[in-house]
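Have the structure open as you read.

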Amino acid sequence: MSWDLVANVAIAGILTGLVYGLMALGLSVIFGVVRVVNFAHGEMMTAAMYAAVVLFSAFGLDPFLATVPVAAAFFVLGYALQAGVINPFITRPEHSQFMLLVAVATILVNALLLGFGPDARNVQVDYQLESFAVGRLLIDKARVFAALLAVVASAGLFAFFRFTLAGKAIRACADNYLGALVVGLNVKHLYALTFGLGAACVAIAGCMMVLLVDVTPVLGPSYTLLAFVIVIVGGLGSMSGALLGGVLIGLSEAMAGLLIQPSAKSMFSFGLLILVLLFRPQGLLGRKSP
Amino acid sequence: MSRAAALLLVLLALLAAFPAFASSYLLSVVTLILFFAYAGQAWNVMMGFAGQLSLGHSLYVGVGAYAAAILFTRYGIGPWAGVWVSIGVCALLGAAIGFLAFRFGISGVYFALLTIAFAEFTRIGFDHLAITGGPGGLFLKVSQRDSWDLLNLRGPPEMFYYVILALAAGAFLLCRALLGSRAGYYWRAIRENEEAAQALGINTFRWKLLAVMLSAAMTSVAGVFNAFYYNNLFPEQIFHISRSIEIILGPVIGGVGTLFGPVIGAALLTSLADAITEALAALGWEVPGVKQVFYGFVLFAVVMFLPNGIWPAIARRLGVSR
Amino acid sequence: MSLLRAQSLTKSFRGLKAVSEASFEAPEGGIVALIGPNGAGKTTCFNMIAGVFAPDSGRIVFADKEIQGQRADQVCAAGVGRTFQIVKPFAGLSVLDNVMVGSFLREKTESGARRVALEVLAKLRLEPKASQPASALTLPDRKRLEVARALATRPRLLLLDEVMAGLRPTECDEMVAVFRELNRADGLTILLIEHVMRAVMALAQSIVVLHHGEIIARGAPAEVVRNPAVLECYLGEETEV
């Protein structure tokens with residue numbers, strides 16, 4: 001096994017990991033603020049991937065351009081989901097919320113199966129076949145572009161939470177629900193906004209992902225679990241943790257695929273999840289829950 | 001005899017006589033219903049009684065199934081002995097998971113995620129193990145259709161029907177007995193408020209562990225049945241998270257923590273789903289995934305509008321408790 | 001004879017000393033009140049006795065056995081019952097079932113547990129509400145349920161954490177009467193944290209005063225209420241006796 005191969009695989013893993021990170025960022029934002037365990041996260045990702053496929057095959061729209069309409073649509077849908085369905089559940093016990101999203105996930109996955117069938121779909125663009133030659137390394141162009149967009153989107157989200165009024169208001173809700181209510185913040189609206197933003201992240205990540213892998217409906221649950229692994233490993237409530245976790249998971253999956261066997265690479269992620277849950281549940285960058 | 005007991009006896013009699021006048025298709029449907037009623041009851045012990053949400057119960061179905069199947073195909077050990085191995089292994093497995101989780105204070109959603117992770121880990125692991133046949137699957141000799149070989153669980157569908165009926169009835173009676181015992185009271189107390197339970201002298205760690213072990217052990221028997229009924233096992237199928245979700249649908253829809261919940265939930269769900277599939281087939285639509293979408297919608301509706309499940313609402317009308 | 005003896009209990013939380021070298025005792029069959037301003041360390045003492053957490057240093061001797069550091073369920077099995085400042089009923093269970101959870105500690109059978117539970121409910125005058133769900137009770141009744149549940153474990157010592165809070169004077173007097181009777185008839189030793197002086201003066205045979213984690217006074221009620229240090233830190237506001 002040459003170092004070139006290892007390096008190429010590692011870099012590919014890191015770049016893919018950044019896209020994973022964006023997906024997980026959506027979950028981190030949703031879970032960190034609204035405290036909803038979005039069990040349908042992976043299914044949303046898969047749906048976004050299919051949306052990109054449809055736009056490509058119908059209009060020849062490049063996935064990068066598709067991110068705009070898809071993200072907008074997902075934002076609206078996410079907002080509606082939170083406002084219409086989940087908000088009433090804030091006061092209900094945890095497992096009720098969980099079940100609700102399990103139901104949404106089940107509906108989504110099987111609706112996709114009904115609509116698109118079980119066969120794999122993908123997009124075919126020119127630059128998927130090209131790569132950058134950096135010294136002795138060969139890096140896929142598509143992967144680089146996808147990772148770049150993921151970083152840009154993440155930066156945008158960071159900026160939103162740091163600098164805008166709405167962003168700060170959302171952070172206030174996350175810190176102290178009752179306090180936010182008392183101060184007059186429209187928490188329900190802010191929660192819905194947050195979910196919408198999380199959904200938009202997933203949408204962008206999905207559009208990017210479809211450049212890298214083929215999509216089938218059954219990817220949903222795997223991505224959900226992957227998102228949770230990343231968020232928990234990286235640290236709940238930490239946005240940079242989600243990105244870091246994504247990169248770590250992307251890298252480790254790639255290496256595991258190379259060193260052990262490609263089909264066994266998820267085992268590593270689950271093993272990591274178990275270890276983190278047991279020994280450091282706040283993850284790498286998260287804060288300990290009060 | 002109380003009203004509830006009388007109703008139950010009538011139901012049991014009907015179920016016992018059922019194979020005599022049912023078509024083979026209907027028989028298979030009701031067998032499936034009873035299977036989920038049993039598995040749901042087993043899951044209920046952990047969730048409804050001790051309040052621990054497990055979304056990885058497919059782990060115990062799968063391990064139980066594979067253990068008994070491997071013993072049968074490789075070593076010729078029959079299911080009645082093999083089931084004890086399955087029970088033992090799964091009880092230990094449950095104990096390990098429970099111990100790790102409770103020792104480190106993991107509960108709620110994190111616990112659920114932990115159970116999912118273990119199930120997924122095992123699924124992928126079994127896909128790569130030679131002894132389990134890997135992704136190609138493990139196969140048992142297909143049974144002869146006419147004679148009843150109870151010892152090896154080889155026989156016609158009627159035999160399997162009665163076996164699962166006995167299991168479901170047994171589970172029901174066991175849970176009923178448990179609910180009225182000290183264990184049942186302690187578990188429900190832990191579910192309601194663990195801190196208060198501890199202040200009343202309950203060693204919550206030990207009791208939670210017991211619930212997990214019992215639930216795992218009971219579920220493993222469902223796995224053994226699964227192995228001998230379907231005669232083939234694939235890691236991708238039996239450990240899959242959708243199996244875990246199917247198991248919980250019955251109790252969640254019927255009513256978590258109640259005795260009749262899992263039974264009613266399983267009956268309602270399976271029969272309606274099948275009816276829909278049949279109706280669509282009659283219209284000429286052979287669509288995979290319709291059943292699951294239906295499950296999703298029912299689950300959604302129940303969780304939104306009837307959070308305690310269907311049974312408690314009915315029970316009030318019937319004037320029956322639990 | 002001292003049923004409970006706390007010796008030099010000390011507990012800090014992240015550098016803040018909640019309790020410092022606190023020593024007090026409860027004689028068998030007696031009623032002792034632990035009073036002091038908010039944040040004085042009273043509930044921390046309770047929690048150490050009840051086994052919620054262990055003291056950093058010091059000993060707790062109950063019936064001649066050291067119990068510091070034991071778990072809450074072990075302490076209860078040893079004979080110490082407790083109520084919580086914020087009541088914790090088993091909301092999904094009936095009143096009777098709530099108490100049965102307690103009585104199952106000593107009774108092996110369901111019928112035995114039910115019998116004991118009904119007896120305890122009768123003492124607390126909750127029997128008519130036995131089959132109601134606990135979530136349907138009013139606050140005073142919830143407090144009684146909390147007491148009943150703890151009593152069902154047949155404790156020798158009962159720890160009451162601000163059980164009178166939120167009760168009207170008549171309700172408070174009723175509770176006082178119940179405790180007096182339990183103490184007189186069953187010899188139940190009681191250690192109570194209380195802010196409601198009405199109850200303290202009516203019940204306590206001796207009072208221990210905590211302030212900033214330290215004991216500043218102890219003795220018979222009549223003396224303690226006149227102690228200038230106590231008056232200065234605490235009783236200045238509430239003089240209804």
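A residue counts as buried if 20 or more other C-beta atoms lie within 10 Å of its own, exposed if 12 or fewer, and partly exposed in between, with C-beta atoms placed from the backbone. Helices (H or I, at least four residues) and strands (E, at least two) are DSSP runs, numbered from the N terminus.

This is a predicted model, where local features need pLDDT of at least 70 and side-chain atom pairs count only at pLDDT 80 or more, while totals for chains, interfaces and linings use all residues. Residues are numbered from 1 along each chain as its sequence is written, and chains are lettered from A and ligands numbered from 1 in the order in which they are written.

Start with α4(C). Its buried residues are A113(C), V116(C), A117(C), V120(C) and L121(C). They sit on the same side of α4(C), because they cover an arc of only 140° around the axis (taken from the directions from the helix axis to the C-beta atoms). The buried residues of α4(C) pack against α3 (95-103) and α5 (139-151) of chain C; contact here means C-beta atoms, placed from the backbone, within 7 Å.

Over in chain B, the axes of α3 (residues 58-75) and α4 (residues 79-103) come within 8 Å and cross at roughly 145°. Those axes are lines fitted to C-alpha atoms over the stretch in contact, with angles running from 0 to 180 degrees between N-to-C directions. Y60(B), G64(B) and F72(B) are among the α3(B) residues that meet α4(B), where the partners include P79(B), V83(B) and C90(B).

What about the chains? Of the 2 pairs in contact, chains A and B share the most contacts: 32 residues of chain A touch 36 residues of chain B. α4(A) gives the largest share of chain A's side, 15 residues. Chain A and chain C have no contact, and their closest C-alpha atoms lie 13 Å apart.

Finally, some backbone angles. Most residues other than glycine have a negative phi. Two exceptions are tabulated here.

| Residue | Phi | Place |

E21(C) is partly exposed because 14 other C-beta atoms lie within 10 Å. R154(C) counts as partly exposed too, with 18 C-beta neighbours inside 10 Å. R125(C), which follows α4(C), has a positive phi near 60°.
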